[in-house]
Amino acid sequence: MHKILLLFVLIVALLAPSSGKVSVGSVHSYDDFVFVDSFCYEQSGGHMVLEVEWPQILKDDQRVDDPSQKVLIYSDLPSQWPTLNEDMDCDSKVDQAGYVMGTDSLPSRISIDMNVVGLRPRFWYLAFSRCGSDDGVNVPHYNFTFVNGEGTFVREFSYDEQGILESEIGFFLGFLILFCVSVFQLDTFSTQKIEASAIKVITVVISLHVVGLIFTLVDRSVFSVNGVGIPKLGFIFPIIEVLTFIILTGAFLLLAQGWTLIHSFKDTPARIATLLYVGILTLSHIATYVYYYGFINDPFELTKTFLYTTPPGLATVALHLLAMVWFVEAVVVSLINLRREETPSAEKEERKKTFLCLGLFGAFWLACVVFTFVIGGLSEPWLRQKSFVISELGVSFFGVVILLCTLRVKVGQLFSKMNEKDKDSENVTPDGDEMKIPQP
């Protein structure tokens with residue numbers, strides 16, 4: 001019952017009208033320039049509502065709004081935000097702004113409505129400045145509202161995020177179906193009392209996706225109502241997505257080395273090396289996030305830089321390229337070893353076809369993983385977020401489907417062998433002699 005109630009709440013929240021994205025807070029900084037937020041408007045434009053409570057100063061024995069405090073609005077035109085850098089002085093940064101608003105144009109606690117229209121989707125950046133003051137920026141309260149176009153799933157989302165919610169709902173339903181398939185296969189193996197290590201790994205990956213998508217859908221549902229959302233929940237999903245990439249990459253490498261999908265693997269040197277690689281890849285992804293969110297303090301660089309174009313991010317992409325090369329090499333070695341095995345030709349041919357299909361689709365999947373990281377860095381800023389997130393979901397879904405299909409082939413091979421053994425055992429006496437069936 002509580003699951004049905006949660007689903008009802010999500011649907012109502014998603015369909016509820018939103019007043020737009022809301023950025024609210026206060027600023028107390030020793031810097032004379034502070035970046036606040038950004039938003040990408042579609043070509044048809046939208047609205048920007050600004051409400052600022054200015055700090056008070058004493059002038060002629062009266063308290064008045066501080067005239068040195070400014071709200072700066074930049075667009076992504078080459079002459080505005082892209083030209084800024086940390087080395088510029090405060091006045092130079094103000095000169096590059098498209099709109100400069102102070103106490104004269106934006107009185108205390110008064111809201112203004114800006115109509116924003118562009119020839120293409122355009123980012124707008126908001127910042128506070130207080131040039132010529134040693135005290136830095138001091139804003140007791142501000143409330144910015146960004147409204148993008150009209151209609152459900154549009155108003156509250158920046159253009160670079162439009163379409164993500166619908167994609168996440170579709171992939172959520174898809175992963176639920178895959179979860180049911182993997183659970184069914186697990187039940188089949190448990191009935192036959194067969195160890196199913198690989199199916200358990202795949203089921204864990206699918207479960208992580210389902211849980212992560214629930215978190216992000218809750219975040220976006222709340223965001224569609226109040227324009228703020230639950231940022232902590234929204235940050236969980238990218239971490240889960242990276243974790244599933246790492247697990248799937250390790251699973252493909254182990255499969256290429258002959259992991260049978262139905263038995264636990266032994267600690268051979270090659271497989272130990274694979275686990276070490278997975279550990280290094282995990283540390284590389286962690287270093288990428290730590291560097292991007294912890295060490296890039298320049299707001300201009302942060303808004304212009306993609307996560308995987310940073311030095312640790314490029315190292316992570318290189319590790320995924322290494323995985324693709326390693327995977328192909330492992331498949332080739334496994335095929336060579338298969339030719340040397342003394343097994344029936346029919347069985348050998350079936351295993352060869354399985355390895356060839358695995359090698360083809362596995363190498364393509366690993367290439368898609370690299371492409372996902374590259375497309376985020378090469379895309380235009382207004383397409384970067386949606387192209388990266390949707391590509392991540394699509395590649396993960398494709399990888400799980402490949403593993404489940406490969407596993408299904410292995411299951412068929414296993415059960416055919418078991419049926420042949422059962423038929424042979426029916427023609428054998430308890431003493432071990434072959435039973436001869438009398439002919440009529």
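# Helices, salt bridges and surface patches in a predicted model

Helix α6 has 27 residues, which at 1.5 Å a residue should span 39 Å; its end C-alpha atoms lie 37 Å apart, in agreement with that expectation.

Helix α6 covers residues 269-295. Its buried residues are Arg271, Thr274, Tyr277, Val278, Leu281, Ser284, His285, Thr288, Tyr289 and Tyr292. An α-helix has 3.6 residues a turn, so residues three or four places apart point the same way. Leucine 283 also belongs to helix α6, but it counts as exposed because its relative accessibility is 58%, above the 50% cut-off for that class.

Helix α4 comprises the 30 residues 197-226, and the distance from its first C-alpha to its last is 44 Å, close to the 44 Å expected at 1.5 Å a residue. Just after helix α4 comes glycine 227, which adopts a positive phi of about 75°.

Leucine 366 is part of helix α9, residues 345-378. Because its relative accessibility is 1%, leucine 366 counts as buried. Its C-alpha lies 8.6 Å from that of phenylalanine 327, although 39 residues separate leucine 366 and phenylalanine 327 in sequence. Glycine 399 lies in helix α10, which runs over residues 381-426. With 0% relative accessibility, glycine 399 is classed as buried. Between the C-alpha atoms of glycine 399 and phenylalanine 364 the separation is 9.6 Å, and along the chain the two residues are 35 residues apart.

Methionine 48 is placed in strand β3, residues 46-53, and its relative accessibility of 0% makes it buried. The C-alpha atom of methionine 48 is 9.7 Å from that of lysine 21, a residue 27 positions away along the chain.

Lysine 21 leads in turn to the charged pairs. Side chains of opposite charge can pair when their charged atoms come close. Across the whole structure, a search finds four salt bridges. One of them joins the side chains of lysine 21 and aspartate 37, with an N to O distance of 3.2 Å. This pair links distant parts of the chain, since lysine 21 sits in strand β1 and aspartate 37 in strand β2, 16 residues apart. Both lysine 21 and aspartate 37 are buried.

Aspartate 76 takes part in salt bridges with two arginines. In its pairing with arginine 120, the closest N and O atoms are 3.2 Å apart. Aspartate 76 lies in the loop between β6 (69-75) and α2 (90-95), and arginine 120 in the loop between β8 (112-116) and β9 (122-130), so this bridge ties together parts that are 44 residues apart in sequence. The two partners fall into separate accessibility classes: aspartate 76 counts as buried because its relative accessibility is 13%, whereas arginine 120, at 24%, counts as partly exposed.

Arginine 122 belongs to strand β9, while aspartate 76 is in the loop between β6 and α2, so the pair ties together parts that are 46 residues apart in sequence. Arginine 122 and aspartate 76 are both buried. Through shared partners, the salt bridges join Asp76, Arg120 and Arg122 into one network.

Asp31, Asp32, Glu86, Asp87, Asp89, Asp91 and Asp95 form a negative surface patch. Aspartate 31, one of these residues, is located in the loop between β1 (21-28) and β2 (33-41). Because its relative accessibility is 46%, aspartate 31 counts as partly exposed.

The loop holding aspartate 31 thus lies between β1 and β2, the strands that contain lysine 21 and aspartate 37 respectively.

Note on methods: Residues are numbered from 1 along each chain as its sequence is written. This is a predicted model: local features need pLDDT of at least 70, side-chain atom pairs count only at pLDDT 80 or more; totals for chains, interfaces and linings use all residues. Side-chain values use heavy atoms; hydrogens and water are left out. Patches are made of residues with over 30% relative accessible area and no salt bridge: like charges are joined within 9 Å, nonpolar side chains (Val, Leu, Ile, Met, Phe, Trp, Tyr) within 5 Å. Accessible areas come from the Shrake-Rupley method with a 1.4 Å probe; for residues, only the protein chains shown count as cover. Lys and Arg count as positive and Asp and Glu as negative; His and the chain ends are not counted. The place of a charge is taken as NZ of Lys, CZ of Arg, CG of Asp or CD of Glu. Helices (H or I, at least four residues) and strands (E, at least two) are DSSP runs, numbered from the N terminus. Buried means under 20% relative accessible area, exposed over 50%, partly exposed in between (1.4 Å probe, protein chains only). The expected span of a helix is 1.5 Å times one less than its number of residues.
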